[in-house]
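Hi,

Here is the structure we talked about, with its sequence. Have a look at it first, and then read on for what turned up.

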Amino acid sequence: MNHFDLIDGALHAEGAPLSEIAEAVGTPVYVYSTATLTRHYNLLRQAVDAHRDALGGSSKDGALIAFAVKANSNLSVLATLAKLGCGADTVSEGEIRRALAAGIPADRIIFSGVGKTDAELAFAIETGVRQINVESGAELDRLIAVAAAKDAAPAIAVRVNPNIGAGGHAKITTGGATDKFGVPVEEAIALYVRATASAHVTPVGLACHIGSQITDLAPMEAAFRTIRGVVETLRARGCAVTRLDLGGGLGVPYHGQTDLPSIADYAAMCARVLDGLEVEAAFEPGRLLAANAGVLVSRVIQVNERADGRRFLVLDAGMNDLMRPALYDAFHDLVPVTPREGEAGLYDLVGPICESTDIFARDRQLAPLQAGDLVAFLSAGAYGAVLSSEYNSRPLVAEVLVDGERWAVVRPRPSYDEMWAREPKAEWL
Ligand code: LLP
């Protein structure tokens with residue numbers, strides 16, 4: 001459920017009319033809903049807390065929910081989640097800095113990622129992040145060297161590649177044998193044993209993330225059972241394992257699907273697998289918290305009608321603003337902000353970019369639309385603005401956060417002068 005609803009025939013974000021925001025800020029613009037972010041966080045919090053014995057370990061706060069910052073890294077979105085007690089899953093120094101700037105304490109920040117530089121590892125150690133998820137033997141060697149130079153021993157988890165991939169598209173699967181992420185089971189065991197022997201890392205647990213937009217719990221359950229087996233093997237070898245980072249990945253209803261696993265089913269499955277293991281779980285949801293908490297509002301530039309009947313709805317949002325359809329053939333519902341009466345028709349939804357891949361959808365059945373109308377792409381709060389660019393010299397898309405009837409521009413669209421100012425001319429030109 002989200003808080004984007006038609007009120008008196010006009011689409012609102014909570015109590016704020018999207019047309020008012022579009023008039024004031026211009027289009028395209030991402031609009032996020034505080035109430036929806038809060039609702040999603042609380043639903044997951046409650047679902048996880050319902051299984052405190054199995055998922056909370058010895059932590060007084062219960063399992064950690066660490067928002068995957070990559071899904072939506074706007075500082076006001078992060079600050080909204082920080083106020084709720086949410087942590088952060090980060091994959092770069094920039095993301096750690098953002099999480100800190102938004103008020104997320106270091107001891108709730110997990111540092112993941114397949115290619116962390118020495119400088120980033122050093123920064124994470126200095127910051128005192130909760131844990132560094134190590135993804136390879138080569139990385140462990142570098143981390144030990146960096147930590148030794150600081151006489152530190154940061155907490156680490158070893159990311160296991162369980163050879164079980166899943167997800168909504170081949171390009172967002174991470175747990176398969178040929179995916180670059182994590183360490184295969186046997187190597188992970190050896191790595192953990194090796195890390196335990198080092199004075200400069202403190203292995204605390206394992207991590208696992210097999211993919212994104214997962215709509216079937218079975219592959220996740222199989223992966224977590226594999227991880228449980230690794231914990232038991234490690235403990236039998238005398239290694240301490242107190243934390244399990246179960247990653248993110250739970251899918252959301254982009255098509256209005258009603259048959260997806262619920263958040264409660266997901267938490268119950270995790271609890272079933274971890275029951276009796278006495279570990280503290282961590283969750284790294286990105287899409288689950290943010291996707292349906294955001295829309296991308298755009299204006300129809302014109303409708304191009306061909307003699308053969310094909311109709312292109314040309315929008316002022318392009319693939320530079322919302323990359324998901326071009327990258328992963330992703331589906332985003334498009335709805336008019338103020339629906340008109342009349343017969344629905346078929347449209348191809350396209351942006352203004354000079355690329356054939358700048359197409360959001362073919363043959364979409366939509367209520368009648370005209371030049372100047374406002375439309376909204378739904379479920380655009382995750383992996384939307386974060387993937388945007390200024391391709392074709394289009395100013396970076398603006399972002400707005402709504403809370404009840406109030407709203408604020410939380411990333412202004414840059415002016416052209418501001419864009420040029422970022423590119424100082426070479427002195428000889
Ligand atoms: N943890 C790790 C280690 C991850 O790599 C990811 C996402 C997450 C957590 C969060 O996953 P989520 O809960 O959002 O599924 N740009 C793609 C999705 C890429 C996901 C990458 N990793 C898309 O727009 O579909």
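Between the two domains, 24 residues of domain 1 are in contact with 23 residues of domain 2, where contact means heavy atoms within 4.5 Å. Domain 1 covers 4-31 + 291-421 and domain 2 covers 34-290; these bounds come from an automatic or database domain assignment. Taken over C-alpha atoms, the centres of the two domains are 32 Å apart.

Please keep in mind that this is a predicted model, in which local features need pLDDT of at least 70 and side-chain atom pairs count only at pLDDT 80 or more, while totals for chains, interfaces and linings use all residues. Residues are numbered from 1 along each chain as its sequence is written, and side-chain values use heavy atoms, with hydrogens and water left out.

Now to the ligand. Around the ligand there are 17 residues, and Ser 212, Glu 284, Arg 324, Tyr 328 and Tyr 383 come nearest (a residue counts as near if one of its heavy atoms lies within 4 Å).

For Gly 249, a polar backbone atom is 2.8 Å from an oxygen atom of the ligand. With Glu 284, a side-chain N or O atom is 2.6 Å from a nitrogen atom of the ligand.

Best wishes

Technical notes:
Polar contact = N/O pair within 3.5 Å; in protein donor to acceptor, adjacent residues only side chain to side chain.
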